[in-house]
Amino acid sequence: MNISGSKFGIVGGGIGGLAAALTLRQRGAVVTVFEQAPELTEVGAGLQISANGMAVLRALKVVADTPEAGLLSHGTVLRDYRAGRLVCKIVPPSAGPTYYYHRADLLDLLYKAAVQKGVEFHLGARVERVRKHPSEAEIILDTGARFRVDCAVAADGGQSAIRADLTGRETPKFTHQVAWRATIRWDRRNKNPCAVLTMGPGRHVVTYPLRDQTLMNIVAIEERSDWQEEGWRLRGDPEELKARFAGFGGLVKEILQEVQDPNIWALFLRPVAECWQNGRVALLGDAAHPTLPFMAQGACLALEDAWTLGRSFEEQSGVSQALAAYEATRRQRATRVVAAAGANARNFHLRGPMRVGAQLALMAVGSRLGRKYDWIYEFDATA
């Protein structure tokens with residue numbers, strides 16, 4: 001299908017939404033992004049973009065072979081919580097390197113590329129409803145303004161308001177896990193920067209450097225039931241964070257002591273959507289397949305979705321056929337990756353003899369552990 005001149009509306013100006021806007025614009029579409037925030041900014045946070053996500057960024061011409069804004073990963077180190085004892089090191093995936101990005105930096109790269117290509121932006125635009133019509137979709141803002149497009153794409157995150165129109169109302173399941181996220185200034189350079197995953201009973205901490213090792217990104221996950229607010233921009237108490245992870249020693253203890261302004265949110269699990277599209281409206285990224293953060297694949301899956309969506313329009317003869325092909329192509333892989341992330345949540349939080357046994361097994365397996373997930377990183381949506 002030739003979509004040159006066709007009108008597309010993207011609801012959501014995050015990484016998935018901007019990538020979708022770019023891939024459709026590359027194919028000649030007229031694209032408008034509707035973002036409810038008054039400006040495209042992000043809470044300070046890090047992202048790991050593995051080879052499968054980097055393939056899409058390169059195809060979109062957002063990054064070069066050696067990305068300037070990203071920091072090359074040299075693998076992942078697993079440590080025990082008490083004193084930071086090394087358990088094992090996982091070498092980088094054989095599929096290609098992973099890069100650490102500050103979320104705001106990657107968003108800025110995508111935004112600038114989209115503006116340069118002629119994507120139109122409506123910021124401070126809260127979408128109230130998206131309606132399907134026989135030959136178009138209608139995007140309705142809370143101001144009453146209405147926009148008619150050939151196709152609407154909902155990239156409005158895990159709490160998507162548009163998803164309910166396609167799947168019906170769903171009750172998310174609380175995982176009894178709460179996440180803390182923060183960044184701190186950092187001045188200790190490492191010749192071979194790695195992600196460090198420090199495992200403790202019922203909790204774990206992931207740290208990795210950002211912005212040429214001038215910042216340290218921190219994600220701390222704990223099992224608890226007394227906090228059930230889902231929004232990830234909620235302010236947390238730094239002293240409470242330190243108290244809850246007080247048993248952690250080694251370098252991670254020093255890192256946590258430096259946290260001044262954490263965010264906290266409860267992790268809820270929503271299923272992969274049963275219906276991703278209705279012939280005129282499609283879900284993308286977390287709106288279609290929200291995932292727990294234990295495989296660092298949320299952004300990568302959204303990038304894969306975006307490229308596949310654009311390719312489906314190239315290969316199919318109409319909007320409804322393209323959206324059906326997009327859903328059919330993406331559903332199985334997204335479901336499998338989401339399941340892998342859910343399994344890791346249990347593996348990181350073992351207690352007692354199970355924890356000791358698991359660590360002994362990890363030491364025996366060593367660097368080969370990463371090969372278990374080659375199927376994730378080797379996937380290339382642009383091939």
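Residues are numbered from 1 along each chain as its sequence is written, and side-chain values rest on heavy atoms, with hydrogens and water left out. Because the model is predicted, local features need pLDDT of at least 70 and side-chain atom pairs count only at pLDDT 80 or more, whereas totals for chains, interfaces and linings use all residues.

We can begin with helix α1. Helix α1 covers residues 15–26; helices (H or I, at least four residues) and strands (E, at least two) are DSSP runs, numbered from the N terminus. Its 12 residues reach 16 Å from the first C-alpha to the last, close to the 16 Å expected at 1.5 Å a residue, where the expected span is 1.5 Å times one less than the number of residues. Of these 12 residues, 10 are buried, so α1 is largely enclosed by the rest of the structure. Buried means under 20% relative accessible area, exposed over 50% and partly exposed in between (1.4 Å probe, protein chains only). The buried residues include I15, L18, L22 and L24. Their cover includes β1, β2, β3, α3, β8 and α7. Just after α1, G28 takes a positive phi of about 95 degrees.

Residues of α1 including A19, A20 and T23 meet residues of α7, among them A302, L303 and A306, with contact meaning heavy atoms within 4.5 Å.

Turning to strand β7 (residues 99–102), both faces are covered: Y99 and Y101 on one side, and Y100 and H102 on the other, are all buried. Strand β7 pairs with β3 in the antiparallel sense over 4 bridges, and 2 bridges join it, also antiparallel, to β4; pairing requires at least two DSSP bridges between two strands. Y99 is the bridge partner of I49 and of L72.

Elsewhere, 7 strands form an open sheet of mixed pairing, in the order β6-β5-β14-β15-β16-β13-β17. Strands β6 and β17 stand at the edges, each with a single partner strand, so one side of each is left without a neighbour in the sheet. Neighbouring strands of this sheet are turned by 20 degrees against each other on average, direction ignored. Within the sheet, β13 and β16 pair in the antiparallel sense over 9 bridges, and I184 stands opposite M216 in β16.

Terms used: Axes are lines fitted to C-alpha atoms, for helices over the stretch in contact, and angles run from 0 to 180 degrees between N-to-C directions.
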